[in-house]
Amino acid sequence: MTMRHLAVFIAVVDNDCSVTKASEVLHVAQPSVSQTIAELEEQYSIRLFDRLSRRLYLTPEGAEFAGYARRLVDDFTELDEMMKTSAGTAPLRIGASFTTGTVLLPELLRKNPEIHAEVSVCNTRDIERMILESRLDAAIIEGNVESSDLVQMPLIKDELVFAASPEYTAGRNPVFILREKGSGTRELSDTMLKIWTEKNGQQPVVWEVANTQTICALVKAVQGTTIISRGLIQTELSDGTLIDTTPADDNVKKAGIRMFRLVHHRDKYIDVRMQQFIDGTYNLLRQ
């Protein structure tokens, strides 16, 4: 039994138990309506209609069946109309890692008000897991993802730099205030710091902080130095509250170059909302 069987049965009941009238309402051939009714009766081994003098009359079993069938058809019709009405209006679940959530996402949403978004900002590892578990539709990240089930679309290059307060003086064991493990920034920071450490022979002390604003506040307060996206500290670099202390070593600089990426599951259906998000992201970066 399918919803079509029920809809045809109710159409016959509602049209004076007439196959002819039901077929006209449904815009199908009369034999098709008769066959559908026959399939229902055969499946349940009951008579839904009595055939008397070439007319149909609803049996007691048919009347009982009609009550349930009508509720199911009405509920299905309501569901169908609701889904058609709401299609495309549900929020797009967008993820962003902390850096892209600060550098790109606010401007993207401001310039694309048609994107109805529900936003989650966390580190790259968490973003990857949420997409794989279908808790996010798409995300903009700065770190690398490991799963081959994710599509990665390159967006724009980003540069990590060493930064410190002009008043900061590094000792033999300088303090580096870095993002937590699992973040895309931390992965590159560790690589840059390893190269720097091997060349300078110093053993840094590492503080872990999950919030970039707190990192900047601590660095401004002369508590240590950091490795951070240049895009996050443009204002501080311009007003002199932070200075770029990146070593001249080309290996360190190259290790700090990364790519912001737009990611989504490879099996994700690209509907109107997703396409708006993708197009809006690329249009923002072209400006």
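Author: We will go through salt bridges, a helix, surface patches and a loop.

Author: This is a predicted model, so local features need pLDDT of at least 70, side-chain atom pairs count only at pLDDT 80 or more, and totals for chains, interfaces and linings use all residues. Residues are numbered from 1 along each chain as its sequence is written, and side-chain values use heavy atoms, with hydrogens and water left out.

Reader: How many salt bridges are there?

Author: The count is 23 salt bridges. The rule asks for a side-chain nitrogen of Lys or Arg within 4 Å of a carboxyl oxygen of Asp or Glu.

Reader: Which residue does Arg70 pair with?

Author: Arg70 forms a salt bridge with Asp14. Their closest N and O atoms are 2.9 Å apart. Arg70 lies in helix 4 (residues 60–86) and Asp14 in helix 1 (residues 3–14), so the pair ties together parts 56 residues apart in sequence.

Reader: What counts as a helix or a strand?

Author: Both are DSSP runs, numbered from the N terminus. Helices are H or I with at least four residues, and strands are E with at least two.

Reader: Where do Arg51 and Glu41 sit?

Author: Their side chains meet in a salt bridge, 3.0 Å from N to O. Arg51 is in strand 1 (residues 49–52) and Glu41 is in helix 3 (residues 30–44). The two are 10 residues apart, and the pair links distant parts of the chain. Arg51 is partly exposed at 37%, while Glu41 is buried at 8%.

Reader: And what about Arg110 and Glu107?

Author: That is a salt bridge with closest N and O atoms 2.7 Å apart. Both residues are in helix 6 (residues 105–111), and being three residues apart, they are separated by about one helical turn. Arg110 is exposed at 56%. Glu107 is partly exposed at 27%.

Reader: Why would residues three places apart point the same way?

Author: An α-helix has 3.6 residues a turn, so residues three or four places apart point the same way.

Reader: Which residues are linked in a network of salt bridges?

Author: Lys181, Arg186, Asp190 and Glu208 are.

Reader: New topic. Which residues of helix 1 are buried?

Author: They are His5, Leu6, Val8, Phe9, Ile10, Ala11, Val12 and Val13. Just after helix 1, Asp16 has a positive phi of about 60°.

Reader: Now the surface. Which residues form the negative patch?

Author: Asp74, Asp75, Glu78 and Glu81 form it. Glu78 is in helix 4 and is exposed at 55%. Patch residues have over 30% relative accessible area and no salt bridge; like charges are joined within 9 Å, nonpolar side chains (Val, Leu, Ile, Met, Phe, Trp, Tyr) within 5 Å. Asp and Glu count as negative, and a charge is placed at CG of Asp or CD of Glu.

Reader: Where is Glu146?

Author: Glu146 is in the loop between strand 5 (138–141) and strand 6 (150–164). Glu146 is exposed, at 69%.

Key. Buried means under 20% relative accessible area, exposed over 50%, partly exposed in between (1.4 Å probe, protein chains only). Accessible areas come from the Shrake-Rupley method with a 1.4 Å probe; for residues, only the protein chains shown count as cover.
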